[in-house]
Amino acid sequence: MRVQIIGFGIIGKGFAAVLKDKRDVLRQRYGLDIKVVSISDITGTVVNENGVDIQKALQVMEKSGRLIDYPGAVEMGGLEAIEEVDADLVLEFTPSNIKTGEPGLSHMLKAMEHGKHVVTSNKGPLVLKFRTLKDTAAKNNVQFKFEATVGGAVPIINLAKENLSCDEIVAIEGILNGTTNYILTRMHKEERPFEMVLKEAQELGIAETDPSYDIDGIDTASKLVILANSIMGINATYQDVKIQGIRKITPEAIELAKDDGYVIKLIGEVKDSHLEVAPRLVPVTHPLNVEGVLNVALLKTDVAGDITIVGKGAGAIETNSAVLSDIISVWRNGNNRNDGKDYP
Ligand SMILES: NC(=O)c1ccc[n+]([C@@H]2O[C@H](COP(=O)([O-])OP(=O)(O)OC[C@H]3O[C@@H](n4cnc5c(N)ncnc54)[C@H](OP(=O)(O)O)[C@@H]3O)[C@@H](O)[C@H]2O)c1
């Protein structure tokens, strides 16, 4: 399978690193040989139809942080690479932008229009144009996979779509942002004020310099929109989510909750077509009470009952577990291998 990488930052480089380790497994288990035929970042593109040397690309990035410094790299943007380079699948790993969806939205649509499957970790385009992307994929007879956009390594979407495929998912609730969970966990354990814990989280690189995207619930709301659309078939956008963040949570509120056997968590919930992100009281013994940067999702279903899934919501390596499983799924579907057989 010929693959193009658009965006060679944390996730793009993580993909290259995981692919190096998993090449043999992919060949042996699935007969899947992934050839990276181009890599693009904002500085330029490396193209090799026989396969880009990903080890060398990683070395160049480590040295200069600019892909254009790869010998033979050209000043070609991601869109042009999608148009010009022959490939089966585009991996879209550019930054999430929930205001315009760009540059990811154009990359994804262009790839689909050129008959290329798309696998992505980029939320922005899905939050704004989920229906358009699904319709464009269907129209062009290509597959569109996005497990890594929600919950990083945690396979929430595939769990619902593949494993609970006969169940109706009647509600989803979860902690979908590791930064807020980290802050609330430390506030709970150390009884310290929000600003102090946030500052330390920023020093540790867990929270951004501008933390509003996480702490005001915007990131959680974006992920909730993707879950509502993809799992529950609700045609929701970001504007449909009622959002309250965690800025106003005081040590006193946490203390009161603690005395009664609760923790305060930022919970995203979709139920009866209603989408909401808000701090909630969660009993300490409840499955949604997970600590630190962990993510968790609880799926309420009509047949299986409640199913809870927990894991790492981000990370260069971990997130690529979701990316690779999406690629394998595209490969199996393309080869008519989703035949119910028990592949390892
Ligand atoms: N990091 C995580 O753990 C994680 C987990 C789940 C999902 N995600 C999502 O995955 C995506 C990638 O995340 P990341 O952490 O890898 O971000 P990142 O480190 O900022 O990397 C983004 C990459 O995209 C490149 N880029 C920007 N504009 C471009 C353009 N027009 N054409 C081609 N390349 C362009 C950047 O180049 P320059 O660096 O040269 O600007 C950089 O290589 C984001 O949408 C993010 O929300 C991340």
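## Helix 1 and helix 12

Helix 1 passes helix 12 in a right-handed crossing; a crossing is right-handed if the near helix is turned clockwise from the far one by less than a right angle, and left-handed if anticlockwise. Helices here are DSSP runs of H or I with at least four residues, numbered from the N terminus. This is a predicted model, in which local features need pLDDT of at least 70 and side-chain atom pairs count only at pLDDT 80 or more, while totals for chains, interfaces and linings use all residues. Residues are numbered from 1 along each chain as its sequence is written.

The axes of helix 1 and helix 12 (residues 319–334) lie 10 Å apart, and the packing angle is about 45°. Axes are lines fitted to C-alpha atoms, for helices over the stretch in contact, and angles run from 0 to 180 degrees between N-to-C directions. Helix 1 and helix 12 are therefore oblique to each other, since angles under 35 degrees count as roughly parallel, over 145 as roughly antiparallel, 65 to 115 as roughly perpendicular and the rest as oblique.

On the helix 1 side, I11, G14, F15, V18, K22 and Y30 meet T319, N320, V323, L324, I328 and W331 of helix 12. Two residues are in contact if their C-beta atoms, placed from the backbone, lie within 7 Å. By class, this contact of helix 1 with helix 12 holds 8 nonpolar, 3 polar and 1 charged residues. Ala, Val, Leu, Ile, Met, Phe, Trp, Tyr, Cys and Pro count as nonpolar, Asp, Glu, Lys and Arg as charged, and the others, Gly among them, as polar.

## Surroundings of the ligand

The ligand is surrounded by 26 residues, of which G7, G9, I10, S121 and A314 are the closest; a residue is near a molecule if its C-beta atom, placed from the backbone, lies within 6 Å of it. Helix 1 (residues 10–30) gives the most to this shell, with 3 residues. The shell comprises 10 nonpolar, 14 polar and 2 charged residues.

## Helix 7 and helix 8

Helix 7 (residues 178–190) and helix 8 (residues 194–203) have axes that come within 9 Å and cross at roughly 130°. That angle makes helix 7 oblique to helix 8. Their crossing is right-handed. T179, Y182, I183, R186 and M187 of helix 7 make the contact with F194, V197, L198 and A201 of helix 8. This contact includes 7 nonpolar, 1 polar and 1 charged residues.

## Domains

The domain assignment, which is automatic or from a database, gives domain 1 (2–153 + 317–334) and domain 2 (161–312). Their contact takes 14 residues from domain 1 and 14 residues from domain 2.

Notes: Helices (H or I, at least four residues) and strands (E, at least two) are DSSP runs, numbered from the N terminus.
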